[in-house]
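Please look at the sequence and the 3D view below before reading on. The text after it is meant to be read with both at hand.

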Amino acid sequence: MKEGGQVHDDYRIAFLKAHVQAIHEAITDGVSVIGYTTWSFTDLLSWTNGYQKRYGFVYVDRDETEERELNRYPKDSFYWYQKVIKSNGEIL
């Protein structure tokens with residue numbers, strides 16, 4: 001999944017972008033939205049899926065059978081969401 005220390009997760013960016021757009025539409029329709037929380041900052045071990053589904057913005061180098069180095073790598077979605085936050089949702 002990681003290529004030279006980079007983790008490309010365009011599917012996650014598309015998922016989050018759709019949710020942020022839906023939030024914007026809700027606000028436009030008059031809904032009072034006080035926040036939006038994503039599932040996890042780092043990849044985590046799921047008791048049903050292990051590390052097969054990686055929900056975090058930061059890739060953790062390990063799997064169900066070995067710890068490896070436990071290095072962390074910010075994913076593309078990390079940098080994308082950072083821009084969304086800095087622009088208060090104006091840049092998607």
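Predicted model: local features only at pLDDT ≥ 70, side-chain atom pairs only at ≥ 80, totals over all residues.

Residues are numbered from 1 along each chain as its sequence is written, and side-chain values use heavy atoms, with hydrogens and water left out.

Start with the whole chain. The protein chain has two helices and four strands, and from the N terminus on its elements run β-β-α-β-β-α. Helices (H or I, at least four residues) and strands (E, at least two) are DSSP runs, numbered from the N terminus. Taken along the principal axes, the C-alpha atoms fill a box of roughly 50 × 30 × 20 Å. Of the 92 residues, 30% count as buried. Here buried means under 20% relative accessible area, exposed means over 50%, and partly exposed is in between, with a 1.4 Å probe and protein chains only. Contacts, meaning heavy atoms within 4.5 Å, can also be sorted by distance along the sequence. Among the contacts with a separation of 6 or more, 34% are between residues 24 or more positions apart.

Next come the helices. Two packed helices are described by the angle between their axes and the distance between the axes. At what angle do helix α1 and helix α2 pack? The angle between α1 (residues 10-28) and α2 (residues 76-86) is about 30 degrees, and their axes are 8 Å apart. That makes α1 roughly parallel to α2. The axes are lines fitted to C-alpha atoms, for helices over the stretch in contact, and angles run from 0 to 180 degrees between N-to-C directions. Angles under 35 degrees count as roughly parallel, over 145 as roughly antiparallel, 65 to 115 as roughly perpendicular and the rest as oblique. The crossing of α1 and α2 is right-handed; a crossing has this hand if the near helix is turned clockwise from the far one by less than a right angle, and is left-handed if anticlockwise. On the α1 side, the contact is made by D10, R12, I13, L16 and K17, and on the α2 side by D76, S77 and W80. By class, this contact has three nonpolar, one polar and four charged residues. Ala, Val, Leu, Ile, Met, Phe, Trp, Tyr, Cys and Pro count as nonpolar, Asp, Glu, Lys and Arg as charged, and the others, Gly among them, as polar.

Now turn to the charged pairs. Side chains of opposite charge can pair when their charged atoms come close. A salt bridge is a side-chain nitrogen of Lys or Arg within 4 Å of a carboxyl oxygen of Asp or Glu, and the structure holds three of them. In one, D43 pairs with R54, with the closest N and O atoms 3.0 Å apart. D43 and R54 are eleven residues apart, each in the loop between α1 and β3 (58-60). D43 is buried at 4% relative accessible area, and R54 counts as buried at 11%. D43 also forms a salt bridge with K75, where the closest N and O atoms are 2.8 Å apart. K75 lies in the loop between β4 (72-74) and α2, so its pairing with D43 ties together parts that are 32 residues apart in sequence. Both D43 and K75 are buried. The side chains of D61 and R68 meet in another salt bridge, at 3.3 Å from N to O. D61 counts as buried at 10% relative accessibility, whereas R68 is partly exposed at 38%. Shared partners join D43, R54 and K75 into one network of salt bridges.

Some single residues remain. W47 is in the loop between α1 and β3 and counts as exposed, at 83% relative accessibility. N49 lies in that loop too, and is partly exposed at 23%. Leaving out residues up to four places away in sequence, N49 touches Y55 and E64. L70, in the loop between β3 and β4, has a positive phi of about 60 degrees although it is not a glycine. N88, in the segment after α2, has a positive phi of about 55 degrees and is not a glycine either. L70 is partly exposed at 29%, and N88 is exposed at 71%.
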